[in-house]
Amino acid sequence: MRQALRELGPQSAVDLYYSLKYAPVRLRNSDKYRVSVAGKCGIEIGGPSVLFKTVLPLYPFVNELDGVNFATDTIWEGKIEHGQAYKYYFKKSGRQFITDATDLGEIKSAHYDFLLSSNCLEHVANPFKALIEWKRVIKEGGVMILVLPNKDSNFDHRRPVTQFQHLLDDFTHDVGEDDLTHLDEILELHDLALDPPAGDLDHFRKRSLRNFENRTLHHHVFDVNLIEKMLEHIGLEVEDVTATDSDFFALASKADET
């Protein structure tokens with residue numbers, strides 16, 4: 001058990017909880033995802049993720065991996081630093097960027113072979129703005145691997161799936177990460193019994209009003225159809241979308257435009 005925990009590398013109490021929860025689970029078609037990143041160089045948005053150590057173990061196979069987080073102190077990663085400090089798996093590390101998921105301006109276009117993001121896009125107020133940036137930084141022929149939560153098993157289960165047109169409107173209106181459009185719906189339908197860290201309704205409301213600081217809200221709710229439409233809309237070729245009880249796993253490639 002001690003060796004397993006060292007290899008999983010939990011960085012916070014939240015990370016440790018999910019490390020133990022997901023350790024016995026494996027995605028049935030993980031080989032297809034693994035082949036797309038093995039021996040290659042990539043970037044991860046909002047990581048490191050327990051799921052890429054357990055359910056879909058990709059970290060052991062990548063050559064290099066950099067990371068992006070919105071702040072130097074988050075409830076998921078604890079305290080982190082900009083620079084060569086992205087510790088994602090056992091003794092593996094890469095460069096840590098501190099910036100919003102919608103603004104990867106420090107990174108040149110077509111720089112990485114692949115991009116990973118697990119349980120991050122739902123925390124982004126403007127998903128298309130993020131996805132377009134994510135596509136920009138991967139090479140032609142590269143891949144994007146996304147994991148998004150399945151609302152049926154979490155505190156979003158009472159909420160409706162977000163409409164595709166709503167996401168397009170958010171992009172058209174250049175919605176910022178301080179947006180709280182969905183707050184009333186969240187406060188009404190969020191199942192607090194499935195989200196102990198949120199506390200009671202009063203605490204949850206106060207925390208949610210500070211979402212730009214903590215990024216804990218799920219702005220949008222996804223299903224397989226919405227994920228496929230989003231990826232196709234930005235010009236990616238969807239190779240797989242697999243649903244599990246807890247998450248949706250998506251693999252999409254960036255076509256060669258020559």
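Colleague: In this predicted model, which elements do the buried residues of H9 pack against?
Modeller: Good place to start! H9 is a helix spanning residues 224-233. Its buried residues pack against one strand at 138-149, S8, and also against H4, helix H5 (164-172), strand S9 (236-243) and strand S10 (247-254).

Colleague: Which residues of helix H9 are buried, and on which side of H9 do they sit?
Modeller: The buried residues of this helix are Leu-226, Ile-227, Met-230 and Leu-231. They cover an arc of only 125° around the axis, so they lie on the same side of H9.

Colleague: Which residue with a positive phi follows H9, and what is that phi near?
Modeller: Just look past the end of the helix. H9 is followed by Gly-235. Its phi is positive, near 90°.

Colleague: Is Lys-135 buried or exposed, and which residue's backbone oxygen does its side chain reach?
Modeller: Lys-135 belongs to helix H4, residues 127-136. Buried means under 20% relative accessible area, and Lys-135 has 17%, so Lys-135 is buried. Its side chain reaches a backbone oxygen at 2.6 Å, and that oxygen belongs to Ile-234.

Colleague: How many salt bridges does a search of the whole structure find?
Modeller: Here is one of them to picture: Asp-156 with Arg-159, where the closest N and O atoms are 3.4 Å apart. Searching the whole structure gives a total of 12.

Colleague: Why can the side chains of Asp-31 and Arg-34 meet, and how far apart are N and O?
Modeller: An α-helix has 3.6 residues a turn, so residues three or four places apart point the same way. Asp-31 and Arg-34 are 3 residues apart in helix H3 (residues 30-37), which means about one helical turn separates them. Asp-31 is partly exposed at 48% relative accessible area, and Arg-34 is partly exposed too, at 27%. Their side chains meet in a salt bridge, N to O, at 3.2 Å.

Colleague: What about Lys-206 and Asp-202: how far apart are N and O in their salt bridge?
Modeller: These two are 4 residues apart in helix H7 (residues 201-209), so they are separated by about one helical turn. Asp-202 is partly exposed, with a relative accessible area of 40%. The N to O distance in their salt bridge is 3.2 Å.

Colleague: Which residues do salt bridges with shared partners join into one network?
Modeller: Start with the salt bridge between Asp-156 and Arg-159, two residues that are both buried. Through shared partners, one network is formed by Asp-156, Arg-159 and Glu-185.

Conventions. Residues are numbered from 1 along each chain as its sequence is written. This is a predicted model: local features need pLDDT of at least 70, side-chain atom pairs count only at pLDDT 80 or more; totals for chains, interfaces and linings use all residues. Side-chain values use heavy atoms; hydrogens and water are left out. Buried means under 20% relative accessible area, exposed over 50%, partly exposed in between (1.4 Å probe, protein chains only). A polar contact is a pair of N or O atoms within 3.5 Å; within protein, one must be able to donate a hydrogen and the other to accept it, and residues adjacent in sequence count only if both atoms are side-chain atoms. A salt bridge is a side-chain nitrogen of Lys or Arg within 4 Å of a carboxyl oxygen of Asp or Glu. The arc is that of the directions from the helix axis to the C-beta atoms. Contact means heavy atoms within 4.5 Å.
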